[in-house]
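Please have the viewer open as you read; my points follow below.

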Amino acid sequence: MTHIKTQYNRRSFIKVSAAAGGGMLIGFSWLNACKPNAPELKTGLELPKEWFEINGYIKIGDNGLVTIYSPNPEIGQNVRTSMPMIVAEELDVPWENVIVEQAPLNTGWYQNQFAGGSLSIRLSWNALRMAGATGKAMLLEAAAKEWGLKASDLTAKEGVIKENNGERTLSYGEVASKAVGIEIPEEVELKDVNDFKLIGTSIKNVDGKKIITGEPLFGLDFHRDGMQLAMIQHPPAFGMKVKDFNEAEIKGMPGVKDAFIIDTTIDEPAMFDEQGFKQLIAIVGESTWQLMQAKKALKANWETVGELESSSTHLQRLEKALQSGEVEDSRKDGNPEAAFKKASKVIERTYSAPFIAHNTLEPMNFFAHVKEDSAELIGPTQTPEALEGSVSKLLNMPLENITVQMTRIGGGFGRRLYVHFGVEAAAISKKIGGPVKLIYSREDDMSQGTYRPTYRSTYKAGLDENNILIAFSVKGAGLPEGPVFPNRFPAGAVENYSAEKIKGDTNVTTGAWRAPRSNFTAGAEQSFLDEVAELAGKDPIDFRLELFDRAIKNPVGAAYEYDAERYAGVLKLVKEKANWGTKDPNVHRGVAAYFCHSTYVAEVMDIEMVKGQPIVKKVWCAVDCGIVVNKDAAKNMIEGGVIDGIGHAMYSQLTFDNGAPNQMNFDKYQLIRHSQAPKEIEVFFVENQIDPTGLGEPGLPPAMGALANAMFKATGQRYYHQPFATERQVVG
């Protein structure tokens, strides 16, 4: 039986008030999920005041309907369904009585009110359960008071309260208003995981019908009478800025209302402020078509203010960084140098990946209406508070005068963590003195930056005379951030181990891209381990399990990040489900496993060669993400990650000449096509009672490694450099 405190040192994480229109409104602190119930907290220790700020709300109406305000941006990870499921489970209300609303930005939620890092459910689990359980306890107490009984004499189920030794019943709606005056309990009992009725089932997306019927949900759908449209033109290359342009000519074109240069430079920029060009040409008008024609007519003078980098420059910098670059993070166990000298067999391989773009399906867009003393922002953002703070700095306006409303997001993958496009919309609105919606073209987005960094890593392994792995090293460089995680596998599993994360310099702007760093490292590491297993004459899964066995029974060195038993568990599960070891001369198998975002995923991929081309026939996925809240949503995220991983590893790249990307639309930048996606993906979840961990990203990284290993089986060629399709053409 699990209990959770609703207060600490007489300060409550919960507030209850009467709801407008009747019923009760439960306000709770989202940040209480951070650590308020940790055993190391001693009496008298002050907790951060933010943990007591009321910033989440549940309304229980007199009609019995429960409205749950979902705070996190929805980017397709289905949190607008899964997060309310957690509340409804503990509240014990039927799902058909639940209404889900998108909550606006509530300043103070920053640690939780965002979408990124596969953290939405993980950070909210305790807070949501506590809020639902507290509401249920107070409704029971109100009903007990009404009947002159004790709350322990009653039960609540499916939104109805019933006396244990009688026939009387009350619906939640009938007692909601009376619960407002009930004292908030200091501690509430949470359901036993075995008693969950809603969590662990499949609930359809609450926005599903609206999406398929085309109701306006996305930022691009948003319209307000009187608003104008805007498009921008940023410099054509990194290392350039705008001097001037043919302003008078552009202003005279059909449908153009204004054209000017904006500057979005912010003093003391925060983490998500720093992307994007700061000086831009903005064109304002009546329609996107007219604005596009005006952009074609631009004659701008661009000033070179930095190096105009090319892909050849990037390769040279990565190679130099691997030799003598600045080490950001590292780990060393034993004496790898001496072990390599003693090894009977040594293998060394280098892997690389290019810059790639996010390419969200919904173009970048944002609405802004800046007035003299207020600003209203509406659109798709993964970090609403970061946007609010940046606009506050830009306009020199108090935070309380700025509102941010979040729309559903048509793809994020990290791209909309960065707020420059919302800041640009605010700058344009201020300049024209009215409401405006900024819209990027695909070319604007793909040439703007905020790319996945380019990486290069060298792996080295040494085997003794018994084909035991006795030495392992990895050095990984990136522009700008290195890809290596020194304390992840195989740290702790090899006697002599070293890992270095190395940074390099570039003026190409980069940002988080789905499963940052892991999206490259998993593919490189898992490809290399397959080759080491081959050198050792061992089955690739058995070889990995040997290493995990060492980490479990006799770990090496300091603590490492992963749980070796859970890691080994997904490998064993996928081995079983895929019937690993069965032979079919027409099917070529690869395997990979990876840990990131506190989740473990192993994948087996089957490839067939059809007319000389590799076709992914089937992918098996074994996933340990703790408790699965919504099985449909969980499967969808893993399946999407697999497809995304295959597509980008196989086809996608950005190359540069003189600071400018060569690929600016899908005529040259290839994404995976429907015909190239796996014919079947089967997902299996490890059943346990561990609190939920991340799911939006962990399915992607191992897909890259499994693909490379299956491709080797199919073609006889190892794949070291993404995109694999290009490498295959060059080598093959």
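**Notes on the model**

1. N78 sits in the loop between β7 (66-70) and α1 (79-91), where helices (H or I, at least four residues) and strands (E, at least two) are DSSP runs numbered from the N terminus. Its phi is positive, about 75 degrees, although N78 is not a glycine. With a relative accessible area of 7%, N78 is buried; buried means under 20% relative accessible area, exposed over 50%, and partly exposed in between (1.4 Å probe, protein chains only).

2. Before going further, a word on the ground rules. This is a predicted model, in which local features need pLDDT of at least 70 and side-chain atom pairs count only at pLDDT 80 or more, while totals for chains, interfaces and linings use all residues. Residues are numbered from 1 along each chain as its sequence is written, and side-chain values use heavy atoms, with hydrogens and water left out.

3. N658 also deserves a look. Phi of N658 is near 50 degrees, a positive value in a residue other than glycine. N658 lies in the loop between β30 (656-657) and β31 (660-661), and its relative accessibility of 53% makes it exposed. As background, most residues other than glycine have a negative phi, and most peptide bonds are trans.

4. Now to the peptide bonds. The bond from F489 to P490 is cis, with omega near 5 degrees, and P490 belongs to the loop between β25 (469-479) and β26. Another cis peptide bond joins Q722 and P723, with omega about -5 degrees. P723 is located in the loop between α16 (701-715) and α17 (724-731).

5. S447 is part of helix α11 (residues 442-448) and is buried, at 8% relative accessibility. Leaving aside neighbours within four places in sequence, S447 is in contact (heavy atoms within 4.5 Å) with H234, F238, F277, P661 and M664.

6. S498 is a further serine to inspect. S498 is placed in strand β26 (residues 496-503) and is buried, with a relative accessible area of 17%. Apart from neighbours within four places in sequence, S498 is in contact with R331, K332, P336, F472, S473 and V474.

7. K278 lies in the loop between β15 (256-263) and β16 (279-285). With a relative accessible area of 23%, K278 is partly exposed. K278 and K635 are 357 residues apart along the chain, and their C-alpha atoms are separated by 40 Å.

8. Finally, the whole chain. There are 17 helices and 32 strands, and buried residues make up 59% of the 732 residues. A compact globule with 732 residues would have a radius of gyration near 27 Å, and the chain agrees with 28 Å; this radius is taken over C-alpha atoms, and the globule rule is 2.2 Å times the number of residues to the power 0.38. The C-alpha atoms fill a box of roughly 80 × 75 × 55 Å, taken along the principal axes. Among contacts between residues at least 6 apart in sequence, 76% join residues at least 24 apart.
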